[in-house]
Amino acid sequence: MKTLVVVQARSTSSRLPRKVLRPLAGKPMLVRQLERIDAARTAFDLVVATTTDPADDAVAEVTRRAGFDVFRGHPTDLLDRHYRLAAAKKADVVVKIPSDCPLIDPDAIDRVISTFLHASGVDYASNLHPPSWPDGNDVEVMTMRALARAHREATRSFDREHTTPYLWDNPDKFTLLNVRWETGLDLSRSHRFTVDYEEDYLFVARVFEELHIPNAWPFPIEDILALLERRPELLQIHARYAGVNWYRHHLGELRTKSLADTRLAPEDDHAPLP
């Protein structure tokens, strides 16, 4: 079966514009993440799915210059973007990885994809429902058939924008599988390796300063955790965002998520819950 890994990327993030182009150890953050994904042992095609917006010309250029493939599609309908790319590539299995995870561990990618490929009758697998890895090791795998059905049926705006909620929020329609971190730990609410805010970027930049070795194999999650054991103050850089997830704004609409699954962001503290 042909497996396609799709990294969704754009430069017009509302919270941290052009974050994927910010430098990490001398290269754009997006390129650093692509290097880590490319280090996974699983055989797959890797494509960055950006938008047709001229503002994302730089994303496409940076990606091609680094030697990776680019697809350009709908600016806000990411479900459509993923589906059309997968159809063009004639993929059997589609893997979604967001571009704000520059510390993603290649082993997490291998583990989720391998578990999916060796399972029987599974439409969708991830390490997110419920999460256990440090936030920012997001891997979601689905069959092309499941992606096509979501593309046909999903109508809620956040289903279209975030690609996969229709799948994991409809367990009556799809056979779902969650892949827990084999350590038995759950650091999803305490360790945040994703980049949505300025503090997140400062944290990730510090980790790269401490651990990145030019032309070496990407440093693994074990090295990151060991660094944080030695330097616990690094976690304080963005501690106020630990455990914050995008779906906090849709808790009244999602059937499979509740306030127990997320924290509010500091800027949400005085806002009413959905």
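Predicted model: local features only at pLDDT ≥ 70, side-chain atom pairs only at ≥ 80, totals over all residues.
Residues are numbered from 1 along each chain as its sequence is written, and side-chain values use heavy atoms, with hydrogens and water left out.

**The salt bridge tally**
- A salt bridge here means a side-chain nitrogen of Lys or Arg within 4 Å of a carboxyl oxygen of Asp or Glu, and that rule gives 28 of them.

**Helix H3**
- Arg 84 pairs up with Asp 80 in a salt bridge, 2.9 Å from N to O.
- Both sit in helix H3 (residues 78–88), four residues or about one turn apart; helices are DSSP runs of H or I, at least four residues, numbered from the N terminus.
- Asp 80 is buried, at 11% relative accessibility.

**Helix H2**
- Glu 61 and Arg 65 join side chains in a salt bridge, at 3.5 Å from N to O.
- They're about one helical turn apart because they lie four residues from each other in helix H2 (residues 57–65).
- Glu 61 is partly exposed at 39%, while Arg 65 is exposed at 61%.

- Glu 153 and Arg 149 form a salt bridge, with their closest N and O atoms 2.9 Å apart.
- This pair lies in helix H5 (residues 144–153), four residues apart, about one turn.
- Elsewhere, salt bridges with shared partners link Arg 15, Lys 19, Asp 100, Asp 135, Arg 192, Asp 196 and Asp 200 into one network.

Methods: Helix = DSSP H or I, 4+ residues; strand = E, 2+ residues; numbered from the N terminus. Buried < 20%, exposed > 50% of the residue type's maximum accessible area, 1.4 Å probe, protein only.
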